[in-house]
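Let me get the model up on the screen.

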Amino acid sequence: MINNKRFLQALKGKSTDKIPFWYMRQAGRYLPEYMERRKTAGSFLDLCYSPDFAVEVTLQPLRRYNMDAAILFSDILVVPQALGQHLEFRQGEGPVLTPVDTAEKINRLSMNGFHEHLAPVYETVNRLSKEIPETTSLIGFAGAPWTVATYMVQGHGSPDQAATRALAFQQEDDFQGLIDLLVKATSEYLLRQIEKGAEVIQIFDTWAGNLPDDQFRKWAIEPMKQIVDNLRQKHPDIPIIGFPRGAGCRYPEYISVTGVTAVSVDTTMPLEWVRDHIQPLCPVQGNLDPLLLVAGGDQMERRVLEILDCLSGGPFIFNLGHGIVPQTPPENVARLSKIIQEYQIK
Ligand code: CP3
């Protein structure tokens, strides 16, 4: 069965008959059927904690576009919530958390009841592993400690993560305590997902790019290395994809130190540089601009072929450079998927 799965073959560095593909944020608001489900599910978090709904919305994009991988429907912020932090998603505002920005508040977080809180997510993974098509691989995921910490400390998203970068300098020991807790919680969370049937793990470090180089080593590379080691101790062959968005020329160091299986590369990475400096180290996933997927047309088609021509010579998985945005026309996703499926590897 495993041999049917192109995505797993590519992650092993093997050649495939076609280029495997999936899209970050492939489930969600650009799909009318998601919006329909969301009406009856209540809030976004209710959707994440209801296995019936979460399984259904995970499968929705596969029915339309037949991707090589399904990604568990959940959110990176369920982890801080399971550690006891208050979390809400407000309409048009994104996530809102009660900031954890002092030693005292950090110390109040705890793993008591952590797995009980996340039990519905584990059940969703288990059901998906039985329900996805046999050629499709199931991806489990979590946020990387740095990115999750940026939301925990500031209490919401921010363009520069200033509050968190400042705390990391001003109260380094306290911040280290928070990162250590997130390494432990995230490792345990992902181990459970693997035990319930996740075949691949992706770890999102959306805000890694804003860290200066020494801080990048400390808060993006080091915690990621620990999580990879923790997962591999129990599951030596589990493929792990890292997404240190904005890492730039630090991708090679990130790959060699953390030991990830593959990396997702963001939209800013020059294709030839990826081919020459990253692909020799590990399989690569990426990197169409999600806004070009909104624009569509010949312009999108040209760029998709450029990406495929440049990167299909090595182990490659087609993806976006960041997540699908809500205003994306579903027909453009159909067009993109068809181009990839029809592409002849040279
Ligand atoms: O389809 C999939 O990729 C699986 C599900 C998934 C979601 N979030 C669902 C979601 C995944 C993998 C994520 C990851 C995630 N969540 C990240 C890392 C990847 C990235 O995009 O950078 C981050 C930073 C978050 C935190 C988060 N969740 C924010 C900032 C927001 C608000 C912004 C927005 O897009 O609305 C969310 C909400 C969210 N997560 C939605 C979905 C489908 C929208 C919620 C809704 O339906 O209203």
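Predicted model: local features only at pLDDT ≥ 70, side-chain atom pairs only at ≥ 80, totals over all residues.

Residues are numbered from 1 along each chain as the sequence is written, and side-chain values use heavy atoms, with hydrogens and water left out.

So, helix α7, residues 114–131. Helices here are DSSP runs of H or I, at least four residues, and strands are E runs of at least two, numbered from the N terminus. At P120, α7 bends by about 45°; that's the angle between axes fitted to the seven residues ending there and the seven starting there. Buried, meaning under 20% relative accessible area with a 1.4 Å probe, protein chains only, are F114, H115, L118, V121, Y122, T124, V125 and L128. Those buried residues pack against α3, α4, α5, β4 and α10, with contact being heavy atoms within 4.5 Å.

Next, the cavity. Its lining includes W146, F169 and W219, and α9 gives the largest share, three residues. α9 (162–170) and α11 (213–234) each supply at least two.

Last, cysteines. How many disulfides do we get, counting pairs of cysteine sulfur atoms within 2.5 Å? The count is zero. C282 is in no disulfide, and the nearest cysteine sulfur, on C310, is 15 Å away. C282 counts as buried because its relative accessibility is 4%, and C48, at 1%, counts as buried too.

How values were computed. Disulfide = S-S within 2.5 Å. Buried < 20%, exposed > 50% of the residue type's maximum accessible area, 1.4 Å probe, protein only. Expected span 1.5 Å × (residues − 1). 1 Å grid on protein atoms, 1.4 Å probe; cavity = no way out; pocket = protein on both sides within 12 Å on 5 of 7 lines; lining within 4 Å.
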